[in-house]
Each structure stands twice: as structure tokens, then as C-alpha cells.
Amino acid sequence: MDSFIVISLIKIFVVFGALMTILAYLQWVERKVIAHIQVRPGPYRVGPHGLLQPLADVIKLITKEDLVPPYVNKVLYLAAPFLAITMALLSISVIPFGPKIQVAGYQTWMQLTDLNFGVLFILGISSMGVYGIALAGWSSNNKYALLGGLRSSAQMISYELPLSLAIAAPLLISNTLSLRKLVETQDGWLWNWNLFHGFQYVSFVIFIIAAFAETNRVPFDLPEAENELVAGFHTEYSSMKFASFFMAEYANMITVSCMAVLLFLGGWVAPWPAAYGSGYVPVVIFAVAGVITIWRGLNPRRKRDRYTFPPFGVVFLIVAAVFLVPLLQSALLPLFWFCAKTGAILFLFIWIRGTLPRFRYDQLMGFAWKVLFPVAMLNLLATGLAIAVFS
Amino acid sequence: MPESYAEQYFPVLVQALLAMALAAGLLTVSYLLGKRVRNRVKDMPYESGMVPTGDARHRFSVKFYLVAMLFILFDIEAIFLYPWAVVYRELKMFGFIEMLVFVVPILAGFFYIWKKGALDWSPDSTLNRKR
């Protein structure tokens with residue numbers, strides 16, 4: 001029992017630290033990717049290629065003036081960012097990153113805990129996140145904030161319907177609410193993933209669209225439509241209180257991407273079994289990346305590339321070598337596949353932000369109720385019928 | 001790995017405490033570090049430079065209330081589908097027909113509110129309907 005508590009605490013601190021780092025650097029990745037989509041360099045002054053930018057942002061935000069306006073409802077005004085960030089960070093505790101591994105004689109799962117209703121837990125926690133936004137909008141006592149908060153709550157609860165219906169379809173196939181067992185049913189080859197079962201790509205598309213709306217991302221970022229509502233529900237927030245809403249948004253993005261990977265893309269499972277060499281994919285990818293980076297550093301297009309590129313190339317080559325150590329492979333390979341899939345979904349989030357314009361509000365609500373909801377319902381019934389007939 | 005309830009929920013509890021500590025810590029640190037300069041204009045609600053008239057506690061569109069009501073109806077339906085989905089392989093065709101009996105009346109209700117215009121947000125389509 002004692003070793004269980006120690007292992008749990010170590011796992012929690014590792015996951016928490018990794019999550020905070022990823023949160024900080026997701027912001028950097030997003031700014032860089034959008035900058036390159038718009039043909040500009042993005043952040044590049046603070047550290048090499050702007051890599052210290054997140055740190056600078058945190059220092060700036062913490063030392064900004066912490067304003068509590070006199071006309072707000074103080075308790076709810078302070079509770080809103082607290083609630084948003086707590087709920088956003090809580091749902092990571094049931095996400096599985098990999099199978100059972102052995103560390104120094106102890107067997108443990110690469111997951112904080114496996115609740116047997118993990119899917120419902122995540123849905124419930126993410127619904128609690130709506131409170132943060134609704135309370136922020138109402139307690140600010142500002143017309144823009146109130147409108148933003150109302151819009152946001154209406155949008156989030158409307159898109160929760162197609163989201164939960166789209167989640168139910170892969171559950172029909174896997175027949176479990178435990179996220180760990182959900183992945184175990186998708187083991188083996190690529191076509192065992194729920195995405196490639198019959199017409200499940202319909203559920204996947206509905207899930208992704210609803211997920212964009214749930215996390216208030218473009219093209220559904222109506223709560224923060226700056227040309228009509230200034231900054232929406234967080235107009236009256238400053239310094240770290242303002243930043244906590246962004247942290248919550250990014251944490252929700254990560255959770256939703258993890259959910260998409262676990263439900264549809266087979267979680268930590270490789271696209272094909274290790275017997276056919278899927279274990280060497282990360283080695284090849286990192287080695288090629290390392291060689292290209294070093295080559296670019298030796299033939300620099302810009303002067304500073306000569307100093308910044310080779311260290312990165314060496315790091316990539318070291319990572320490639322680490323993936324060859326047999327002792328570490330059992331833990332690193334699942335983690336690699338999980339991170340690669342989640343990263344791909346997160347990149348999709350950023351890519352779409354750089355590509356699409358924003359919906360109009362009546363279009364947004366009409367789309368949720370008149371298109372997504374009936375389609376999700378019919379898709380669920382058709383999935384049920386197909387399973388009843390063919391299995 | 002059979003686990004007791006305490007073992008299953010212990011990590012969730014620790015994670016919750018950690019998240020709350022982080023949230024409270026961040027808010028406190030920025031409260032302690034940030035310098036404060038108050039003036040009359042800063043203490044007004046931000047309305048793009050206009051002098052605010054009245055506070056924000058106005059009546060807002062009844063549509064939002066309607067959406068909340070419809071959401072409760074249909075979300076309860078969606079939650080009922082989850083246990084059905086988990087045991088579906090044992091029920092097969094029986095389960096499908098039972099679920100049709102449950103879903104079809106709800107879908108009928110859905111198309112009724114659609115035709116009634118409860119899902120329309122733009123004033124144009126509502127006006128056209130009345131003509």
C-alpha cells in the first residue's frame with residue numbers, strides 16, 4: 001500500500017509537470033505555426049527561435065496589474081478563473097498514456113487511475129468547465145462580458161449533444177466506458193481502430209467538429225469574437241486571471257485531443273504490430289530529422305542557423321538512439337504513438353485556426369441543432385443496426 | 001490489477017488538490033506581485049471608450065433560456081444511450097428495437113420543435129414563417 005501511494009504521487013507529479021510544460025509550449029507552437037501560415041516569422045527574439053517566449057509571457061502576466069473592478073460580484077469574479085483552470089487540469093487524471101510497464105521491480109500502468117466510467121468522468125468534468133465561463137461573463141457586470149458568457153454557455157451546451165452522441169457510437173463497438181479497455185479493444189492492425197470500423201469516420205468528424213465548438217476554437221470562437229464583443233467573457237479580467245482562461249482553453253484542447261485518440265485512433269497502439277517493425281518508426285523519424293537539421297546547420301540559409309540548428313540535430317539523434325534501447329522501448333514506444341496521434345490532432349486545431357473564418361451566431365446554433373444533432377443521432381442508430389445485423 | 005475504491009480515487013483526489021493549489025497559487029502570486037494604480041476611468045466597465053449607461057443586468061433574449069431547456073431534455077436522452085451502448089453486444093437486435101421505441105418519440109418531438117421555429121436564431125426566418 002505504501003509503495004502504491006509513492007508510485008501514484010511520482011506519477012502524478014511527472015504527469016502534472018509534463019502537462020504544464022506542454023501547456024506553455026503549445027502556445028509557442030500555435031503562434032509559430034500560425035505565423036508560418038501567414039508568412040511571417042512569429043516569436044523569435046526571446047531565446048533561439050523564440051523558445052523562451054512562454055517563460056517571458058508568464059513573467060509578464062504575473063507582474064501585470066491585478067485589477068478587481070469595483071462593480072463586479074467579487075466572489076464569483078474570483079471563483080470563475082479558479083474553477084475553469086481546476087476543472088481543465090482534473091480530467092488528465094483518467095487519460096491512459098500507455099500499457100503496463102515495469103519500473104525498478106514495480107509494475108504500474110502509464111495512467112494515473114483507471115475509473116470504470118472514465119468516459120463519463122471526462123464528459124462530466126468538461127461540462128463543469130462551462131461554469132467558469134458562464135460565471136465569468138455574468139459576474140463581470142459588463143455588457144460585452146455578459147453577452148460573451150451567454151453565447152458561450154449556449155454554444156457549449158448545444159454542441160455537447162452531438163459530442164456525446166458521437167462518443168456513444170465507438171462505445172457501441174468497444175462496449176466499455178473504461179478508457180484503458182477502450183484502447184485494448186483496438187489492439188493489432190490499423191483497421192482495428194474504431195475510426196476504420198465501417199462508417200465510423202462519420203462519428204469521428206462529428207466528434208472533431210463538436211470538440212472545436214466545446215473548446216471555443218476557430219471557427220466557433222464566438223465568445224471571443226473581438227470585432228463584436230471586445231474579448232467576450234474575459235473582457236474585465238487582467239494579469240494571471242486573464243491567462244488562466246487561456247490555460248484552461250489549452251488544457252481542454254489537450255484533453256479533447258486525447259479523447260479523440262483514445263476513442264477513434266487506438267490510443268497508444270501502433271498502426272501495425274511490432275512484429276512487422278513498427279518499433280523502428282520513431283528511430284527512423286528522429287534520425288532523419290536529426291540528419292536534415294544538422295545538414296541545414298552546416299549549409300545555413302541565415303547566419304544564426306549555423307549555431308542554433310546543430311544542437312537540435314544532435315538532440316534528435318540522441319532521441320533516436322534512446323528509442324533503440326530495448327529496456328526503454330516498452331515504455332517509450334506507446335508514449336511515442338500516443339503523443340504523435342495527439343500532436344496530429346492538436347496540429348489540426350491550429351491549422352484550422354489559421355485557415356477558416358468565424359461563423360455567424362445564428363449559423364452556429366442552427367448548425368448544431370439542425371445538422372449535427374440529427375446526423376449524429378442517425379449515425380448512432382445506423383451503427384447500432386449494423387452491429388446487430390453483422391455481428 | 002484489482003483495486004479498492006480508495007486506490008482508484010486517490011490519484012483523482014491528489015490531482016484535484018494539485019490543480020486547486022496551482023490555480024489558487026497563480027491568482028495569489030499575480031495579486032501580490034502586480035502593482036496597482038487606481039483611477040476613476042479604470043474603475044468603469046470597458047465599453048470601447050463610450051461612457052457606460054446603466055449596468056449590465058438587463059433582460060436578454062429568451063432564446064438562451066429555450067436552448068437551456070431543450071439541452072436538458074436531449075442530454076438526458078443522450079446519457080440514457082450510454083448504458084445501452086455498453087451492454088449492446090448482449091442485446092443485439094432486441095436492444096436496437098427497444099432503443100428505436102425510445103428514440104423515435106424523442107426525434108418526433110425534435111422535429112416538432114424544429115417546425116415550431118424553436119431552433120431558429122435569425123429574425124428573418126421567423127418573420128418569413130409568420131407570413
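Modeller: We take the labels in turn, from domains to pairs of side chains.

Modeller: This is a predicted model, where local features need pLDDT of at least 70, side-chain atom pairs count only at pLDDT 80 or more, and totals for chains, interfaces and linings use all residues. Residues are numbered from 1 along each chain as its sequence is written, chains are lettered from A and ligands numbered from 1 in the order in which they are written, and side-chain values use heavy atoms, with hydrogens and water left out.

Colleague: What makes residues 1-61 of chain A domain 1?

Modeller: The bounds come from an automatic or database domain assignment. That assignment gives domain 1 of chain A as 1-61 and domain 2 of chain A as 64-269 + 325-390. Taken over C-alpha atoms, their centres are 19 Å apart.

Colleague: How do you know that domain 1 of chain A and domain 2 of chain A are in contact?

Modeller: Contact means heavy atoms within 4.5 Å. By that rule 19 residues of domain 1 of chain A are in contact with 25 residues of domain 2 of chain A. The buried area between these domains (the accessible area, with a 1.4 Å probe, that two parts lose on being put together, summed over both) is about 2,100 Å², and carbon and sulfur atoms give 79% of it.

Colleague: Why is the pair Arg353(A) and Glu30(A) called a salt bridge?

Modeller: The rule asks for a side-chain nitrogen of Lys or Arg within 4 Å of a carboxyl oxygen of Asp or Glu. Between Arg353(A) and Glu30(A) the N to O distance is 2.7 Å, so the pair is a salt bridge. In general, side chains of opposite charge can pair when their charged atoms come close.

Colleague: What makes Glu30(A) and Arg217(A) a salt bridge as well?

Modeller: Their N to O distance is 2.8 Å, which is within 4 Å, so this pair also meets the rule. Glu30(A) lies in helix α1 of chain A, and Arg217(A) lies in the loop between α7 (201-214) and α8 (226-229) of chain A, 187 residues apart. Helices here are DSSP runs (H or I, at least four residues; strands are E, at least two), numbered from the N terminus. Across the interface of the two domains of chain A the rule finds two salt bridges, and over all chains the search finds six.

Colleague: Why is the pair Trp369(A) and Phe373(A) called tilted?

Modeller: Rings of Phe, Tyr and Trp (its six-membered ring) pair if their centres lie within 6.5 Å; planes under 30 degrees apart count as stacked, over 60 as edge-to-face and the rest as tilted. The centres of Trp369(A) and Phe373(A) are 6.3 Å apart and the planes are at 55 degrees, so the pair is aromatic and tilted. Both residues lie in helix α13 (residues 361-390) of chain A, four residues apart, about one turn of the helix. The whole structure has 27 aromatic pairs over all chains.

Colleague: How many residues of chain B are in contact with chain A?

Modeller: Contact joins 71 residues of chain B with 85 residues of chain A. About 7,300 Å² is buried between these chains, and carbon and sulfur atoms give 73% of that area. Gln15(B), Tyr82(B) and Arg89(B) supply 10% of the area that chain B buries against chain A, more than any other three residues.

Colleague: How many salt bridges does the rule find across the interface of chain B and chain A?

Modeller: The rule finds zero salt bridges there.
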